[in-house]
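Me: I am new to this structure and would like to learn how to read its aromatic pairs. Could you take me through them step by step?

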Amino acid sequence: NRAAEVRILWNLVNIDRFDLNSLEMAVVHGEKGIELARQLRLGEELAYLLNDVGEIYGTLGRFDNSALYLDEAQEHWRQLGNDPMLSDSLRSSAGWEHIGGRLHVALTHTEEALQLTTRIGNLWGESYSQAVRGEVLGWLGDFGQSVEDLTLAHEKTRDAGFIAGQLLSACFLS
């Protein structure tokens, strides 16, 4: 069952991606899964794999690869009409673009993610997007808007029960 093989490879990606010693293995499984998902025309599985492998490439510091994979994942999320995953992927792009020094690209991605999460009523995603936007705005020198975004994001993370987001927004504010 080749479709099951794609899902197994995706599971292996997610097992390996959270261990810094296994990131390269996660990429191997991911690339194999992406190739097979393309052959089988499994759009949703392909989008998930591209999204996760794009994140792994960011973790490895391969920001160009990360952007390439996440951009393609976003095209698929748009085609599939999956706004929650599109916003997640846009936030991922914003994070890696920010770390890679492409602040204006990061800002564009995080603003779209914030608009999407606000429209669909995803408080968790909204708080996270606003925190990332606040961080990027701080690096761009817009300190007033940065502090406003981070303060609002911190309040929203509490309302959403998003503990990691509370830590993230508090660190950014600091």
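Me: How many aromatic pairs are there by the rule?

Reply: Rings of Phe, Tyr and Trp (its six-membered ring) pair if their centres lie within 6.5 Å, and planes under 30 degrees apart count as stacked, over 60 as edge-to-face and the rest as tilted; by this rule the count comes to seven aromatic pairs. In one of them, the ring centres of W124 and Y128 are 5.6 Å apart and the planes stand at 75 degrees, so this pair is edge-to-face. The model is predicted, so local features need pLDDT of at least 70 and side-chain atom pairs count only at pLDDT 80 or more, while totals for chains, interfaces and linings use all residues. Residues are numbered from 1 along each chain as its sequence is written, and side-chain values use heavy atoms, with hydrogens and water left out.

Me: Where do W124 and Y128 lie?

Reply: Helices are DSSP runs (H or I, at least four residues), numbered from the N terminus; W124 and Y128 both lie in helix α7 (residues 123-139), four residues apart, about one turn of the helix.

Me: Which kind of aromatic pair do Y128 and F162 form?

Reply: Y128 and F162 form an edge-to-face pair, with 5.7 Å from centre to centre and 75 degrees between the planes. Because Y128 lies in helix α7 and F162 in the loop between α8 (143-160) and α9 (163-173), the pair ties together parts that are 34 residues apart in sequence.

Me: Does F162 count as buried or exposed?

Reply: Buried means under 20% relative accessible area, exposed over 50%, and partly exposed in between (1.4 Å probe, protein chains only); at 9% relative accessibility, F162 counts as buried.

How values were computed:
Helix = DSSP H or I, 4+ residues; strand = E, 2+ residues; numbered from the N terminus.
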